[in-house]
Amino acid sequence: MPAEITLPAFLEEKLRNAPYRHVVQKALENFSDWFRASRLPFFPDYTDHGIQHMEQVLETAVKLIPDTARLHFSGADAAALVLAVLFHDSALHLTEAGFHQLIKGTDAAYAPMKPFDTTDWAQTWADFMFLARRWDDAKLVQVFGGDNGVPTGTVQDPFAHWHNLTRTDYLLIGEFIRQQHPRLAHEMARHGVPGPNGQLLKLDESLPHEWRDLVGLIARSHGLPLRTCLDYLKNAPDFGEEARREYQGVHAVYLMALLRVADYFQIDSNRTSSRIFEYKKIYSGISEIEHKAHQAVRNITKGDDKEALFIQAKPDEVAVFLRLKEWLAGIQQELDASWAVLGEVYGRYEEEGWDTLGLTFRRVRSNLDDVAEFAKTVPYVPDRIRFDVARAELLKLLIGPLYGDDPSYGVRELMQNSIDAVREYDQFVLDNPEYADIPRREQEADVVVELGPFDEAKGYAVMTISDRGIGMTEATIRDYFLRAGASYRQSANWKTAFEIDDATGGKSKVLRSGRFGIGALAAFLIGQDMEVETRYIGSKEGYVFNTTLDLDSINVNRAQLPVGTSIRIMISHDNYIGLLTKHQKKFSPSRFNWYLLDKPTVMRRWYGPGDSIVNITNQEGMNFTNNDQNWRRIETPFPYEIYWTLQGAPNLTCNGLFVSNSDALRNVPNEILKSDNAPVQFPLVSIVDPDGKFPLNLERNNIRSDSYEFGLALVRDLLQEMLSWLLFNGPVCAESVSIQHTIMPWLSTYANHNTLVASKSGYAVRLVSLLDGISVRHTINHHHSGFVLDVQTEDSLIFGHYLPWASGSYGTHLSEISVVEGLGTDKKVKSLTRKVFYSEKYSNKSAPRGKLKRESNYRDEVVYELEQQKKGWLVAAEHGCPTREFNVTKWPKPVFHRSSGEGSRTYFIEHFFPEESYFKAISKPWLLDELWQEHFGKSWIPFALEDRIAKFPQAAQFLKERYPQVVPDEAWALLGGKPAKGN
């Protein structure tokens with residue numbers, strides 16, 4: 001490699017008498033040293049951008065100067081061109097320290113250069129990171145590389161670990177510099193190259209500021225339209241109108257044309273080694289294709305056409321072929337634009353000879369131009385072949401399978417889009433209050449959904465969905481609303497307006513429901529003809545258009561409209577009847593009642609028999625606040641909020657929209673409960689998901705998995721609230737358990753199946769971990785169902801029961817806890833039994849004494865004799881059974897009694913066991929056992945409230961903070977007082 005940059009002889013000659021020749025010479029020396037030492041740290045995979053590239057660009061620029069123009073090419077032109085070429089790609093050589101100084105430094109010189117730039121470098125980097133965190137996989141693979149479409153890196157903030165940068169960090173910074181290197185070229189020419197201590201190098205101080213600016217502008221021009229640079233020269237105070245043609249001997253516009261075309265032509269094989277892939281893996285997808293494209297160029301020569309340049313290439317794969325075709329088209333575009341601007345700026349100045357300032361070539365030709373002939377020379381088809389669709393036909397295919405031709409889904413999609421638009425409007429005005437006074441649509445609610453009467457003469461009804469939302473721009477209509485699968489809320493424009501930056505990506509400032517880009521496709525679920533009126537809040541006018549699904553081109557007209565959107569759809573008779581008679585199903589609600597929140601406001605209106613009008617405003621709003629007694633929020637690491645309740649909502653809603661009432665959403669997997677027979681269901685769930693991360697299926701009528709990914713946290717919260725309620729609202733004595741302890745209605749399903757137990761000293765839930773091994777003396781259970789009602793132990797253990805029996809709620813089942821003989825014996829425990837039953841027959845007369853019944857069971861034959869009678873209750877016992885006075889008031893009168901015969905339908909049966917008997921659990925501990933031990937250990941809860949709080953202070957503190965809604969006033973008094981509302 002040369003010791004320093006060697007200039008073409010033509011430029012050397014021009015520089016001999018050029019102004020500031022010493023500045024150019026010193027710059028060549030300094031830049032040669034810099035480029036030679038540069039490691040290109042942020043561009044490990046790039047083609048050559050060092051000394052050789054600079055020499056080739058200068059050599060090509062000279063070749064682009066026609067002989068007729070060389071007489072008018074001044075020494076000042078030569079100086080400015082050489083300096084501009086040195087700077088045009090120099091940003092790619094920035095060091096780590098230089099980049100850090102640029103972004104984090106305090107040098108005021110690197111201020112935004114108007115009109116090109118509006119933000120400083122710190123903000124420009126922040127804006128870049130804002131969008132980079134939102135790159136899709138295709139972009140990530142393009143920048144970082146990937147394996148089968150899976151990116152090899154993710155976007156992280158390099159400044160968070162600056163002294164431990166990864167390969168991905170370097171490539172990320174490289175992408176930023178690549179995008180900004182024309183701006184950097186301009187600023188470094190003016191102020192110097194940022195480095196660890198001020199500037200690494202800068203142009204000699206003797207070069208005037210205007211020259212630095214001009215050199216920087218020429219360098220920057222290869223990344224801007226030429227006409228934009230003309231405007232800068234015209235309006236900058238240091239230059240003015242005449243500078244467009246000439247300034248102190250510099251023909252800046254001509255130099256810009258030379259530089260941009262010469263830089264474009266640098267795509268021959270000399271810029272990259274043909275053996276690059278033999279020893280080095282290219283991670284960046286951009287760099288890999290660039291390497292291959294350079295290697296594919298075999299020769300660049302003049303053709304028979306004196307104004308044309310012929311390029312011979314042999315790409316060995318279609319991606320390289322397409323890249324070369326793109327490059328050739330770009331060169332031709334640059335030539336056309338450059339010739340046009342040069343003619344405009346210099347064409348009229350024949351006397352000065354400036355009309356000769358043109359380019360050697362006007363056209364570029366290639367062996368790739370004739371694709372059919374080129375195809376004969378390669379084994380692949382040289383064409384862009386990829387997945388594509390026939391638009392209307394595909395949409396027709398999608399509509400039926402996606403939503404089952406149910407028009408109510410179309411209502412949901414359009415209603416949801418309108419609700420999102422209103423939320424976006426509110427946020428936009430909050431961020432930009434100057435737009436608050438722009439007229440909006442005037443209507444009864446933020447969103448109005450109206451189904452008009454069916455017009456027999458016209459053969460259709462009209463559904464209108466209108467909103468006072470943010471509206472649509474022309475680009476939104478074209479690129480998103482009318483393009484299925486293109487979601488505007490995934491676009492950079494939307495994210496810039498409605499997301500805040502976060503270390504893990506963007507966080508939406510608005511609650512949004514649209515995510516799959518259904519757009520106008522939703523309207524065609526309802527009808528085949530659609531009329532749209534819309535105006536974006538930031539536009540001075542709106543747009544009106546009519547369309548059908550098959551229309552080849554849509555006439556979009558400008559119109560004066562208020563802000564908002566209205567969509568009118570012509571509905572067939574079948575769809576009209578379907579919408580009018582809609583009944584709620586598992587996966588869709590009745591009528592148009594998809595939306596369940598109270599803000600934004602939604603009005604639903606349809607015409608019933610005799611043109612009667614039915615108006616329904618918002619459903620009863622589900623208010624997710626800390627003070628809402630109906631909804632509980634659980635804390636999870638998932639990127640959305642989770643609320644639950646046990647009443648007054650569908651099984652699943654998301655962002656206030658009905659999702660599903662499927663019974664499957666209530667099923668709790670056994671692995672969560674750690675049991676296959678625990679009687680627990682998921683509660684009703686509502687998701688608040690601003691960022692669209694909750695895993696809904698494409699139809700948005702269910703989730704994509706078999707169960708909730710937060711299922712364990714949900715069930716834990718449900719059961720912990722039950723334990724919290726029991727701690728602060730439990731029974732005050734054992735007798736209140738044995739008769740009936742009132743359970744909160746919404747907890748009854750869970751509490752009934754986990755019946756309370758109590759002893760002389762306290763109470764608990766019937767759990768294996770608490771009862772296993774307790775000695776048993778006496779049990780009372782229902783004879784036919786086997787449910788335990790009362791158990792007497794040495795400590796008088798009592799099982800509570802929930803009444804009335806007709807409710808279908810029972811107590812503890814013996815199949816889960818059995819009574820067996822003591823340790824060391826294999827025999828069943830032989831108990832003495834006594835039966836207690838009620839008979840209407842003997843409610844007003846005495847039953848005969850003596851033998852009541854004889855029966856056989858698994859042990860042997862048992863003879864029962866009538867022992868007691870009280871008010872229709874009869875007690876019959878086998879011989880030897882302990883006697884005691886029977887307390888009639890303890891037993892409620894049964895609400896059903898199948899027979900009044902003596903003993904034919906006994907209601908209760910008592911067992912008296914020998915001393916060696918004890919509880920033996922057949923089932924295993926489950927999740928509720930774990931939660932009980934987590935809060936209370938293996939202890940039972942005392943009856944006195946003050947004793948409970950004193951015994952379990954940590955549990956009381958945690959549970960009252962987590963579930964304040966279940967804490968009664970008397971408990972708050974012992975806990976230091978009730979918190980203020982809203983805390």
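This is a predicted model: local features need pLDDT of at least 70, side-chain atom pairs count only at pLDDT 80 or more; totals for chains, interfaces and linings use all residues.

Visitor: Where is Ser 662 placed in the chain?

Guide: Ser 662 belongs to the loop between strand 21 (657–660) and helix 23 (670–673).

Visitor: Which residues is Ser 662 in contact with, leaving aside its neighbours within four places in sequence?

Guide: Its partners are then Lys 586, Phe 587, Asn 651 and Asn 702.

Visitor: How many helices and strands are there in the protein as a whole?

Guide: The protein has 31 helices and 36 strands. Of its 983 residues, 54% are buried.

Visitor: Which residues meet between helix 7 and helix 9?

Guide: From helix 7 come Trp 121, Thr 124, Trp 125, Phe 128, Met 129 and Ala 132. From helix 9 come Leu 172, Ile 173, Glu 175, Phe 176, Gln 179, Gln 180, Arg 183, Leu 184 and Glu 187. By class, this contact comprises nine nonpolar, three polar and three charged residues.

Visitor: At what angle do helix 24 and helix 30 pack?

Guide: Helix 24 (residues 711–729) and helix 30 (residues 953–962) pack at about 115 degrees, with axes 10 Å apart. Their crossing is left-handed. On the side of helix 24 the residues are Asp 717, Gln 720, Ser 724, Leu 727 and Phe 728, and they meet Ala 956, Phe 958, Leu 959, Lys 960 and Arg 962 in helix 30. Sorted by class, the contact has five nonpolar, two polar and three charged residues.

Visitor: How many aromatic pairs does the structure hold?

Guide: There are 42 aromatic pairs. To read one, take the distance between ring centres and the angle between the planes. Phe 10 and Phe 73 form a tilted pair, 5.5 Å centre to centre with 50 degrees between the planes. This pair links distant parts of the chain, 63 residues apart: Phe 10 is in helix 1 (residues 9–15), and Phe 73 is in the loop between helix 4 (67–70) and helix 5 (75–88). Both Phe 10 and Phe 73 are buried.

Visitor: What geometry does the aromatic pair of Trp 932 and Phe 936 have?

Guide: Trp 932 and Phe 936 are edge-to-face, 4.7 Å centre to centre with 65 degrees between the planes. About one helical turn separates them, because they are four residues apart in helix 28 (residues 927–936). Trp 932 and Phe 936 are both buried.

Visitor: Which residues form one aromatic cluster?

Guide: The members of one cluster are Phe 42, Phe 99, Trp 121, Trp 125, Phe 128, Trp 135, Phe 144, Phe 159, Trp 162, Tyr 170 and Phe 176.

Visitor: Over which rings do the charged ends of Arg 70 and Arg 183 sit?

Guide: The charged end of Arg 183 sits over the ring of Trp 121, at 3.9 Å from its centre. That of Arg 70 sits over the ring of Phe 10, with a distance of 4.7 Å to the ring centre.

Visitor: Is Asn 655, with its positive phi, buried or exposed?

Guide: Asn 655, which is not a glycine, has a phi of about 55 degrees. Its relative accessibility is 3%, so Asn 655 counts as buried. Its place is in the loop between strand 20 (652–654) and strand 21.

Notes: Residues are numbered from 1 along each chain as its sequence is written. Side-chain values use heavy atoms; hydrogens and water are left out. Axes are lines fitted to C-alpha atoms, for helices over the stretch in contact, and angles run from 0 to 180 degrees between N-to-C directions. Helices (H or I, at least four residues) and strands (E, at least two) are DSSP runs, numbered from the N terminus. A crossing is left-handed if the near helix is turned anticlockwise from the far one by less than a right angle, and right-handed if clockwise. Contact means heavy atoms within 4.5 Å. Ala, Val, Leu, Ile, Met, Phe, Trp, Tyr, Cys and Pro count as nonpolar, Asp, Glu, Lys and Arg as charged, and the others, Gly among them, as polar. Rings of Phe, Tyr and Trp (its six-membered ring) pair if their centres lie within 6.5 Å; planes under 30 degrees apart count as stacked, over 60 as edge-to-face and the rest as tilted. Buried means under 20% relative accessible area, exposed over 50%, partly exposed in between (1.4 Å probe, protein chains only). A charge sits over a ring if NZ of Lys or CZ of Arg is within 6 Å of the ring centre and within 35 degrees of the ring normal.
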